[in-house]
Amino acid sequence: MELHILIVVIVLILLLIIKNIRIVPQSQAFIVERLGTYITTWNVGLHVKLPVIDRIANKVSLKERVMDFKPQPVITKDNVTMMIDTVIYFQITDPKLYTYGVEQPLNAIENLSATTLRNIIGSLELDGTLTSRDVINTRMRSILDEATNPWGIKVNRVEVKNIVPPESIQEAMEKQMRAERERRESILIAEGQKQSAILVAEGKKAAMILEAEAQKEAAIKKAEGEAEAIREVQNATAEGLLRIKEAAADEAVLRLRALEALEKAANGQATKIIIPSDIQNLAGIVTSISELARK
């Protein structure tokens, strides 16, 4: 009987021990309290707590979290109301502070984010709000990180997700963008026409220069040809005179040459022939030619 009671007690003790064994998984931490007082933080691994007096007060994930808050109405410096929603990336660095630092820390972050966003946008005008997302993100991250540090939370990044201005502002912005696009289009068309006119003028100029160069070359070639022809004629004349001189032709031969030239002239289309005054010496010339022939 006593043996059975001992076995039952041992089994109960083992069950109690097994029930109080905890395994902490990766990227988590357990907050352990003893009789309602914080005693320790369990990190990754196998742990055993004391039955009844110890309890796990909180299980904290150490992974980076993302919180996407609903759009918040904010008013700019120039009194324009718009809707802005933000996304916050944060991570718990101290599970103890996260557990005991603030009540409902996620709600606290959301409210803090909304008030910080209103303060930042309230110091900017509409145009600055639309073009200064990086400035808004940086300022919000810095403020939130400093405010949540006592809560064991590290704010890694803050992103402004959407900025939605009123419909009237959107319509005005669309009209402005449309006018700007039309202005740029007009400028591009004018620049294209200007460039086209410049290219056409340059083409005409180049064509006129080429034409003038061609005419110049043609005139030079023509002048060179005429000069060459004159040189050939002069060379032929000089060669003929040289041959006459080498043949020792006297005045009678020259007169005979003149007579032959006169004969050729008479065979042409001329209706009037002027005969030299010394043609009366033709008989003497013929006699001289006969004498030359006999020699």
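Mentor: Because they lie 3 residues apart in helix H6, Arg-231 and Glu-228 are separated by about one helical turn. Helices here are DSSP runs of H or I with at least four residues, strands are runs of E with at least two, and both are numbered from the N terminus. The side chains of Arg-231 and Glu-228 meet in a salt bridge, at 2.4 Å from N to O. That term denotes a side-chain nitrogen of Lys or Arg within 4 Å of a carboxyl oxygen of Asp or Glu. Arg-231 is partly exposed at 41% relative accessibility, and Glu-228 is also partly exposed, at 35%. Buried means under 20% relative accessible area, exposed means over 50%, and partly exposed lies in between, for a 1.4 Å probe and protein chains only.

The model is predicted: local features need pLDDT of at least 70, side-chain atom pairs count only at pLDDT 80 or more, and totals for chains, interfaces and linings use all residues. Residues are numbered from 1 along each chain as its sequence is written, and side-chain values use heavy atoms, with hydrogens and water left out.

Helix H6 spans residues 167–246 and also holds Glu-180 and Arg-184, which are 4 residues apart and therefore separated by about one helical turn. Their side chains form a salt bridge of 3.2 Å, N to O. Glu-180 is partly exposed at 29%, whereas Arg-184 counts as exposed at 52%.

The structure holds 9 salt bridges. Among them is the one between Arg-34 and Asp-54, whose closest N and O atoms are 2.6 Å apart. This pair links distant parts of the chain, with Arg-34 in strand S2 (residues 28–34) and Asp-54 in strand S5 (residues 54–61), 20 residues apart. Arg-34 is partly exposed, at 32%, while Asp-54 is buried, at 5%. Elsewhere, salt bridges link Arg-141, Asp-145 and Lys-154 in a network.

Aromatic rings come next. A search of the whole structure finds 1 aromatic pair. Tyr-38 and Tyr-100 form this pair edge-to-face, at 5.9 Å centre to centre with 75° between the planes. Tyr-38 belongs to strand S3 (residues 37–42) and Tyr-100 to helix H2 (residues 95–100), 62 residues apart, so the pair links distant parts of the chain. Rings of Phe, Tyr and Trp (its six-membered ring) pair if their centres lie within 6.5 Å; planes under 30 degrees apart count as stacked, over 60 as edge-to-face and the rest as tilted. Tyr-38 is partly exposed at 26%, as is Tyr-100 at 39%.
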